[in-house]
Amino acid sequence: EAGQELAAATADVVFTGQLVLDAGQRFYRGLKGRMAKHGRDPGSLLVMPGIVPVVGRTRAEAREKFLAAARIAGASTQRYDNPTKGPNGEALSTDVARLGPDDAARVVVAISGTHGAEGYCGSGFQVDWLTGVGAAGLPAGTAMLLVHAINPYGFCWTRRVTEEGNDLNRNYVDHTKPYPANKGYEEIHDFLIPKDFGPNSIAAADAKLTEYRKKVGDRAYFAAMSGGQFTHADGMFFGGGGPSWANRTLHAIADKYLKGRSDVAVVDFHTGLGPYGYGEPITHYDVDSPGSRRVRAFWGESVTESKRGQTQSAARDGLGHYGLNRVLQEPQTRLTMCTLEYGTFDRESGQRSFRADHWLHKYGDPLGKEAAPIRAAMRRQFYPETDDWKEAVLFRGHQIVRQAIAGVQRGAI
């Protein structure tokens, strides 16, 4: 109070580090409102807000920003320790922040880092939501749950997979039943990750992949490569081997925070597929089911439904959508979920990055000199460090989450 009074009477410029929008607006109005009694024109005082970067440069920095934002927002937090370490021996964890009443019947969830290296995108949104929206953006009886770095190994090592080698978004199958078959992948596995990764060997492998693609067509090719496979534990898009640590952790989070709620909306942040900077809300409900009707009511005509053939995503088995829908079932809980997929660079460059990463961890040295350029290519593919892309991520993220918060107020549709 004394500081604002002094500034209103004497200052030409005030620098302020407000982190939450409504608090910053109150500060501005309060400061300007004091100036008249000092005989000053409010327009003569310049208020300069501080800039708060929301995206960390590393997983550790992203975690620090997330926890700091959670403290500022007054969120409760919980840490889930991962059993592995990062490249420098650092401890890894998934962290959860929660805002809203403990008995909230409606919960909106934002998940980052399902495909580890993609975590910068979702983490940045989570920090921005906590510092810029927070509890003020939640209606009565509604809570917000932010799951940070559900795959901390992949986030830290700049990989899509978990420490078990799983593509987490292929690992949510029912592991008590026979795994889905992917005969196409078995035909191309050896060409995707050849032992010799030199230019001549890669050119020969690429020729075989091109030959297979011409034979089966684009749709079958991408389904074979990235739809999920359960036969090659060292291969790409592997979903088998039992529930991964990240899978079990997400189920533990759902058991603690989501079971018994009437309405739950989940937004799982991903990058790497689609037009640059555009966030596509991808869903997987059966056509004309209650879930399908809800995603249309929540997110309108921009939503895409895989069961209608509306999305480029080739993933069909083991998605987080199916894992959560098995434990949060109607009529007790209405679960409405989308994968918010942001486009980055072309699909072909993504394939090259995946293949090099798998080669590095299968045949190379993940701590050797060949690791740095491979990790740099993975990071670039899944996190374009340009202001326009980051701005698009935040705009679309806030739009989709705001729509989800409004959507859970509707109840049955």
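Is Asp-206 buried or partly exposed? With a relative accessibility of 30%, Asp-206 counts as partly exposed, because buried would require a value under 20% and exposed a value over 50%. The model is a predicted one, and every value below is computed from it.

Asp-206 has a charged partner. Its side chain forms a salt bridge with Arg-355, and the closest N and O atoms are 2.8 Å apart. Arg-355 counts as buried, at 6% relative accessibility.

Another of them is formed by Arg-334 and Asp-263, with an N to O distance of 2.8 Å. Here strand 10 (residues 334–343) holds Arg-334 and strand 7 holds Asp-263, so the pair ties together parts that are 71 residues apart in sequence. Asp-263 counts as buried, at 5% relative accessibility.

A further salt bridge is found between Arg-308 and Asp-288, where the closest N and O atoms are 3.3 Å apart. Both residues sit in loops: Arg-308 between strand 9 (304–305) and helix 11 (320–327), Asp-288 between strand 8 and helix 10 (290–299), with 20 residues separating them. Arg-308 is partly exposed, at 38% relative accessible area, and Asp-288 counts as exposed, at 54%. This pair is part of one network, in which salt bridges with shared partners join Asp-288, Arg-296, Glu-301, Glu-305 and Arg-308.

A charged residue may also lack such a partner. Glu-280, in strand 8 (residues 279–283), is buried and has no salt bridge. The nearest side chain of opposite charge is that of Arg-396, 8.8 Å away, whereas a salt bridge requires the atoms to be within 4 Å. The side chain of Glu-280 does make a polar contact of 3.1 Å with the side chain of Thr-311. Leaving aside residues up to four places away in sequence, Glu-280 touches Thr-304, Gln-310, Thr-311, Thr-339, Leu-340 and Glu-341.

Next come two helices and the way their residues are arranged. An α-helix has 3.6 residues a turn, so residues three or four places apart point the same way.

In helix 6 (residues 183–192), the buried residues are Gly-184, Tyr-185, Ile-188, His-189 and Leu-192. Viewed down the axis of helix 6, they fall within an arc of 145° and therefore line one face of the helix. The face turned away from this buried side carries Lys-183 and Asp-190, which are exposed. The buried residues of helix 6 pack against helix 7, helix 8 (218–226) and helix 12.

Helix 13 (residues 371–382) has 12 residues and reaches 17 Å from its first C-alpha to its last, close to the 16 Å expected. Which residues of helix 13 are buried? They are Ala-371, Ile-374, Arg-375, Met-378, Gln-381 and Phe-382. These residues cover an arc of only 125° around the axis, so they are on the same side of helix 13. On the other side, Ala-372 and Pro-373 are exposed. Among the elements covering the buried residues of helix 13 are helix 5 (152–157), strand 7 (263–276), helix 12 (347–362) and helix 14 (387–407).

Note on methods: Residues are numbered from 1 along each chain as its sequence is written. This is a predicted model: local features need pLDDT of at least 70, side-chain atom pairs count only at pLDDT 80 or more; totals for chains, interfaces and linings use all residues. Side-chain values use heavy atoms; hydrogens and water are left out. Helices (H or I, at least four residues) and strands (E, at least two) are DSSP runs, numbered from the N terminus. Buried means under 20% relative accessible area, exposed over 50%, partly exposed in between (1.4 Å probe, protein chains only). Lys and Arg count as positive and Asp and Glu as negative; His and the chain ends are not counted. A polar contact is a pair of N or O atoms within 3.5 Å; within protein, one must be able to donate a hydrogen and the other to accept it, and residues adjacent in sequence count only if both atoms are side-chain atoms. Contact means heavy atoms within 4.5 Å. The expected span of a helix is 1.5 Å times one less than its number of residues. The arc is that of the directions from the helix axis to the C-beta atoms.
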